[in-house]
Amino acid sequence: MNFTVTIGSFLKNSRPAILVATKGIEKDWTTANLIEINAEESEVTLSAFGGKMATQLSLSDLVDSNLSYKCEEIGKVVVNAEHFSKAINSFNNFSDMVTIKSEGKNLAISRDGKNKGVQKVPLQDVEIHLPVSSGQFCKKTKIQRDVFVEGIQKVEYAIGFEERRPEYLYLKIEMQHDNTRFIAGTGGRFAIYTVEGKVAELEKDENKTFFLIMKDIIPVITDVFSKLSCDYVELKQTGVSEDVSDQIILTCGDVEFIIVGFDPEIDWSKVKIDGVLKKKNSVSILTNTSNWEEAVKGINATYTKDVQKEHEAHNADVVLDTKEEKLIVRIDSSLVSIREIQVDKIETGGDDQDSLQFRCHATYLSEIVSQNSKNVDIRIEFDGPKNPVFIKHLPSTNDAKGTKEHMVTFFATTMK
Amino acid sequence: MTDKDTQVYLVEGSYISCQRVLNNVRKSLGEYDEYFFDESVSIEYVISEIKRFSLEDRKRLFVINGWPVGKGKKKADQKQNTMKVMKSFLGDLPSDCTVVLYNLSTSSKTFLSLIGKIGKVYQFIESIPRKKCTNYVTGYLDNNDRQIDPNGLEILINNFNSISGTDDINIDYMAMSLEKLLHIIGNKKTISEQDVRQMMEENCNFVVWSLFNFMDNRNYKGCLKLLRKIQIKETDLTAGLIQILHLFHWRYSMLFFLKESLSTGVSEQETIKSILEISKLKRSGSSFYCFYSESSDKFVSKYNKEAVKIAIKGIYGNKSPLKYYSSIDLFAIIRKIVDTLYYLRYAKTDEIKMSLMESFFSVAARRFSYKIMKNLGRSFDKRVMQFEPSES
């Protein structure tokens with residue numbers, strides 16, 4: 001195998017395959033961390049399969065005219081993706097041409113001319129077999145790429161972590177003709193980002209569909225798709241069949257990811273998000289995230305490594321002072337924090353003191369600052385100490401797109 | 001078994017029985033969320049999860065199947081702390097919570113009595129003596145609307161692997177074996193001896209005990225069939241075969257002793273007494289430097305009383321093994337065991353090892369008269385020696 005390409009263009013276009021090979025992989029998978037380079041007359045194909053996700057990219061001058069691909073000798077090799085990526089990245093001038101050539105047991109990446117240089121990575125004696133892409137799908141839909149990426153990024157932080165509750169290790173995308181929702185949660189706290197407007201194109205006879213995306217592969221998807229320029233991401237999912245394992249196929253322009261290794265029987269039907277969202281709350285407070293910045297610093301100051309090490313419950317008591325129009329947040333563990341947060345507007349259903357307070361995990365309050373933009377108005381709603389607390393962003397309208405976006409986080413309270 | 005007002009359950013012992021209680025608790029809750037905790041989390045975390053209100057007004061089931069880590073530097077202190085925290089907390093659970101303490105293996109009487117006061121304690125036995133297995137097996141099969149042939153029942157019970165050092169059978173193992181049997185027979189209502197054999201042939205213990213039966217009944221074909229199974233299963237064929245031959249040596253030496261003693265008019269009781277006086281020697285060293293001595297601590301007989309009684313009387317209505325063999329048969333078999341052991345250690349290939357064993361089984365299953373066996377054996381041994389020079 002022997003071909004020449006422009007460094008910068010090759011690096012940019014090969015990135016999805018490198019990421020698939022190295023991130024969110026199944027550690028013991030035989031082809032994890034490996035990439036196959038197949039040089040042919042008019043194009044070079046890169047294949048990677050990390051156990052959970054696979055991709056095959058064909059790079060040629062048709063895909064990127066800056067690539068300047070020239071094949072001297074066709075051939076196929078497999079190398080460690082990280083070693084290969086680092087070897088190419090070591091050439092600073094991205095407009096230079098490099099020759100990628102198999103030499104004995106190594107793959108040599110060399111630059112001729114004034115600044116001669118060569119990097120070698122060992123060849124691997126393995127073949128990469130990609131999962132067979134299914135032609136039959138039980139679900140198929142298209143969604144605007146920027147909405148897809150933004151939606152995932154907005155709620156990604158809320159995805160669960162407990163292996164005992166596997167359903168929460170997935171992010172759910174619900175799509176209707178004029179409404180798309182991104183949902184992630186732990187069972188105790190959920191984040192929901194809703195886009196009202198026609199951003200998804202469902203199949204003709206469908207009114208509603210959903211996809212569950214595995215936590216592990218989300219960083220790869222958002223990283224790759226955020227850098228592409230095509231308008232839509234196509235999502236397709238195979239049904240349960242004996243011949244083909246279940247797959248979700250994400251396509252965006254020339255990049256196609258085949259996602260496998262997820263549990264097709266993961267059940268989100270038990271999670272009744274709508275029922276919780278419909279709950280009526282007796283208290284509604286309008287506040288701004290900037291008012292919380294200092295208070296959150298105080299909250300975080302009490303969550304020391306020692307507290308984390310001892311696995312102590314890090315709870316915060318929140319009380320609304322209707323007269324002074326402020327929220328009082330109190331953490332009373334081995335370290336104490338008492339903070340007052342100014343609120344702009346209070347609506348309450350009565351003066352029952354019990355309904356004006358709650359206790360919750362302090363991290364949920366920290367997220368008001370860490371997971372939101374600065375200086376954003378939010379509405380905090382709750383209904384006494386036993387019911388969930390809602391943090392709602394005021395809806396924002398995107399006139400150019402004709403969409404309206406909402407962000408809601410809600411979490412369970414804790415008994416004293 | 002469950003009660004709607006009960007919020008705390010402690011279940012211990014047999015897995016099958018514990019699962020039955022847990023499933024009943026699940027059923028009694030209707031719609032619920034389930035949480036699992038074990039020793040990988042802290043007790044503080046467990047409590048914070050229990051204290052958290054449900055988002056969807058559903059009941060919550062917390063299954064704790066390992067001691068969550070409590071405060072303290074030493075493990076014992078941590079467990080003490082966890083127990084202390086649990087004691088104070090479990091009596092005052094939120095109304096939507098049910099806690100199942102699942103197989104925590106606790107020996108603390110105060111803890112058990114506290115749980116008994118605030119909830120329900122189920123402590124199931126994990127094993128039963130082999131003699132009492134009949135009722136368990138027939139009861140289990142009755143519950144599944146199945147019957148079992150008496151011969152099949154006998155083979156089944158006689159071949160369950162016992163817990164090391166006892167003749168007790170683990171209930172979970174027994175239940176799993178019966179489940180396996182039910183899968184094998186499908187819709188059949190009566191389990192035959194053949195069904196049991198089909199299942200038990202996977203059991204190494206069964207291979208040896210079945211070999212005894214086949215040798216007793218002169219079933220050479222059966223012996224060879226099981227020999228193939230040993231060949232497939234054993235990763236170290238020589239070691240496996242040597243181990244089996246030693247067991248055969250033990251058995252046929254016992255039968256030879258009993259046969260000789262009883263044929264000279266010694267009473268059964270006296271014979272049993274005499275054989276049990278033969279001590280099991282303590283072995284030290286290895287290979288050429290192997291030494292034997294009497295065990296200094298306590299007298300240990302080479303044979304156990306139960307095995308001797310079975311050899312004389314038979315078991316489950318079967319004839320005594322002594323009735324199958326003449327003295328000369330037993331003598332020939334013992335000699336053949338000794339010879340086979342000798343040649344087996346020098347056999348290079350698995351084919352030769354298997355041929356040696358086939359030769360042994362032709363003697364043990366008494367395919368030919370003693371004279372023919374002797375001649376055949378001699379000529380075979382010579383050929384083996386010719387192709388297999390000593391490596392020493």
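Guide: Two residues are in contact if their C-beta atoms, placed from the backbone, lie within 7 Å. In chain A, residues 24 or more positions apart account for 71% of the contacts with a separation of 6 or more. In chain B, residues 24 or more positions apart account for 69% of such contacts.

Visitor: What kind of model is this, and how do its labels work?

Guide: This is a predicted model: local features need pLDDT of at least 70, side-chain atom pairs count only at pLDDT 80 or more, and totals for chains, interfaces and linings use all residues. Residues are numbered from 1 along each chain as its sequence is written, while chains are lettered from A and ligands numbered from 1 in the order in which they are written.

Visitor: How many helices and strands does chain A have?

Guide: Chain A has eight helices and 28 strands. Chain B has 16 helices and 11 strands. These are DSSP runs, numbered from the N terminus (helices: H or I, at least four residues; strands: E, at least two). The C-alpha trace of chain A spans about 80 × 50 × 40 Å along its principal axes.

Visitor: What makes A:W268 buried, exposed or partly exposed?

Guide: Count the other C-beta atoms within 10 Å of its own: 20 or more is buried, 12 or fewer is exposed, in between is partly exposed. A:W268 has 16 such neighbours, so A:W268 is partly exposed. A:W268 sits in the loop between strand 18 and helix 5 (273-277) of chain A. Leaving out residues up to four places away in sequence, A:W268 touches A:E167, A:K172 and A:L212. A:K172 is 96 residues from A:W268 in sequence, but their C-alpha atoms are 8.5 Å apart.

Visitor: How many of the residues count as buried in each chain?

Guide: Of the 416 residues of chain A, 39% are buried. Of the 392 residues in chain B, 27% are.

Visitor: How do you know that the buried residues of helix 4 of chain A line one face?

Guide: Helix 4 (residues 218-226) of chain A has A:V220, A:I221, A:V224 and A:F225 buried. Down the axis, these fall within an arc of 105°, so they line one face of the helix. They pack against several elements of chain A, including helix 1 (7-22), helix 3 (145-155) and strand 16 (232-237).

Visitor: Why is helix 12 of chain B called oblique to helix 13 of chain B?

Guide: The axes of helix 12 (residues 268-276) and helix 13 (residues 305-313) of chain B come within 10 Å and cross at roughly 140°. Under 35 degrees is roughly parallel, over 145 roughly antiparallel, 65 to 115 roughly perpendicular, and the rest oblique. The pair is therefore oblique. B:E268, B:I272, B:I275 and B:L276 in helix 12 meet B:K305, B:V308 and B:I312 in helix 13. Five of these residues are nonpolar, none polar and two charged.

Visitor: What makes helix 14 of chain B roughly antiparallel to helix 15 of chain B?

Guide: The axes of helix 14 (residues 327-344) and helix 15 (residues 350-364) of chain B cross at roughly 175° and come within 9 Å. That angle makes the two helices roughly antiparallel. Their contact has nine nonpolar residues, one polar and two charged. Among the residues that meet are B:I333 and B:Y343 in helix 14, and B:L356 and B:F360 in helix 15.

Key:
Axes are lines fitted to C-alpha atoms, for helices over the stretch in contact, and angles run from 0 to 180 degrees between N-to-C directions. Ala, Val, Leu, Ile, Met, Phe, Trp, Tyr, Cys and Pro count as nonpolar, Asp, Glu, Lys and Arg as charged, and the others, Gly among them, as polar. The arc is that of the directions from the helix axis to the C-beta atoms.
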